[in-house]
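I opened my notebook for a friendly first look at a new structure. Here is what I looked up, entry by entry.

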Amino acid sequence: MNEIASHEAEDTARLNELAAALILKLLALIRTARTHDVTNQLFVRQEREFAALLQSGFEEEDELALFAVGEYLYLNGVRLRAQASLLPSQHALIAELERRQLGGIRFLTGVTETELERFFQLFLAAEDAALAERLAETCREASIQHLEPIPAAEMDEDDLARRLGQEVVTPGERGRAKKVFWRAVMGTKRIMLRARQTGRADLRHAKRLVQPIVDSVMKHEHSIVGLTAIKQHDEYTYAHCVNVSVLSVSMGHHLGFDRQALADLGVAGLLHDLGKLSVPAAVLQKPAALTADEWVLMKRHPIEGVKMMTRLPGLSTLTLDAMRVAFEHHMNRDRTGYPEVAMEWSQSTLSRIVAVADCFDAMTGHRAYHKRPLSAFEALGILLGTARVQFDPAALWALLKTVGLYPPGTALILSSGHIVVSLTPNPESPRRPAVRVMLRPDGSLAPQDQPEDWSPLPDELRVERVLPPEELTADAAEYLAA
């Protein structure tokens, strides 16, 4: 029996490793096909690498079936294990499949490079909704016999989950939050890329992304706040905008804003950094401290954000609010921020909230020229301590109510000897967040695929100490993302 279990564990680990590699290669091919012809050497090289990866998989499997079920990806019935570094790629691939109305792709033994080339040409063209409906049929007409796109309409989630050997579980609060959060990240990416092309933001799309965030917050579902702590991924530029929106909406809720005001605040938070599209990528992504000239460019982004919003049709209250937040979110209460204005000026209420949310998230984000980013607990301590003169006291209070005394992502040593990571805040008791066990008192690691959660922290336990990241023997982000 132990031997069978050992083989199953080995198969699961092997398929997880293969699935991760397939997802990354598949996304690389899709991105390359968008900008290069299939005859281009870059595409050809990546196509051959992908084909070789498939062949390595066929040494153990007759087929490689990659399916999306809800917010998860499965390879041959094995759900891809949650990894913070891979989550953005998973969600990006799910978004690509959804855009083409697909539930998955099945690769069969014998697939050729010629078939792969034809498939990616058709796959890219299927971004058009009319072509997406016929993608499976078009592939058959193109004599693609060893690669089968599976339309989402032909998939039933419950039935598929049973065929995959998984128990059908109704998504809980955390599952709903993940879907809302990652759709907002991918939607924000589309808004920003489109704004770079056209010079203006899609305000209606932003409102559609923010509404589910407002709904989650107003239902007192705190899991979406916990997701703002996941920083280690390629889409952090866009996730930062979503993080600021989520934090701002939650802060506004604690301050008594009504639904419409929360929606406007969320949109303003989502678009607060629109002006950074005008800052050269080399400056934004520089792995070292900025020079004086580079800081001049960076400090112009609030003004550039306002200029981009002036191109929006009409001047609604929402547009004006978003313009003002874009302009003011780096202005400090003690007038130490930027841009500098000669006349007497005071930040709007929305700007004061977004300024705190933006600073908190930025302080905890990865910066390559720092030894390590600040932990959320450290950032909260600075904002409530030495930096408090720069911000509105009510906004700082709302941030504390939003993230709690031990913000999501904080590693804690408990009186029981457990090491846990905080997941979501507990407004009823800021000292007792919902937590996930990382390390048990006997020194054993809690399994990531079977999380051990306490929501909230039991009354009989107390926090002995906050652990700085360098003292951790396990990766808190992996447990946070599971």
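**Entry 1: a term to start with.** I call a crossing of two helices right-handed if the near helix is turned clockwise from the far one by less than a right angle, and left-handed if it is turned anticlockwise. I also kept in mind that this is a predicted model.

**Entry 2: α16 and α17.** With that term in hand, I looked up how α16 and α17 cross, and the crossing is right-handed. Helix α16 covers residues 317-328 and helix α17 covers residues 349-363; their axes are 9 Å apart, and the packing angle is about 50°.

Which residues of α16 and α17 meet? From α16 I listed Asp321, Arg324, Val325 and Glu328, and from α17 I listed Leu350, Ser351 and Val354. Sorted by class, this contact has three charged residues, three nonpolar ones and one polar one.

**Entry 3: α17 and α19.** Next I followed α17 to another partner, helix α19, which spans residues 393-403. I read an angle of about 50° for α17 and α19, with the axes 9 Å apart. These two helices are therefore oblique to each other. The crossing of α17 and α19 is right-handed.

On the α17 side of this contact I wrote down Arg352, Ile353, Val356 and Phe360; they meet Ala395, Leu396, Leu399 and Val403 of α19. How do the residues of the contact of α17 with α19 divide by class? I found seven nonpolar, one charged and no polar.

**Entry 4: aromatic rings.** Then I turned to the rings, and I found that the structure holds eight aromatic pairs. One of them joins Phe43 and Phe120: the pair is edge-to-face, with 80° between the planes and 6.2 Å from centre to centre. Why does this pair tie together parts that are 77 residues apart in sequence? Phe43 lies in helix α2 (residues 41-58), whereas Phe120 lies in helix α4 (residues 113-125), so the pair links those two parts.

Are Phe43 and Phe120 buried or exposed? Buried means under 20% relative accessible area. Phe43 is at 0% relative accessibility, so I counted Phe43 as buried. Phe120 is at 1%, so Phe120 counts as buried too.

**Entry 5: the cluster.** Last, I looked up which rings group with this pair. Phe43 and Phe120 belong to one aromatic cluster along with Phe50, Phe107, Phe119 and Phe123.

Methods: Residues are numbered from 1 along each chain as its sequence is written. This is a predicted model: local features need pLDDT of at least 70, side-chain atom pairs count only at pLDDT 80 or more; totals for chains, interfaces and linings use all residues. Side-chain values use heavy atoms; hydrogens and water are left out. Rings of Phe, Tyr and Trp (its six-membered ring) pair if their centres lie within 6.5 Å; planes under 30 degrees apart count as stacked, over 60 as edge-to-face and the rest as tilted. Helices (H or I, at least four residues) and strands (E, at least two) are DSSP runs, numbered from the N terminus. Buried means under 20% relative accessible area, exposed over 50%, partly exposed in between (1.4 Å probe, protein chains only). Axes are lines fitted to C-alpha atoms, for helices over the stretch in contact, and angles run from 0 to 180 degrees between N-to-C directions. Contact means heavy atoms within 4.5 Å. Ala, Val, Leu, Ile, Met, Phe, Trp, Tyr, Cys and Pro count as nonpolar, Asp, Glu, Lys and Arg as charged, and the others, Gly among them, as polar. Angles under 35 degrees count as roughly parallel, over 145 as roughly antiparallel, 65 to 115 as roughly perpendicular and the rest as oblique.
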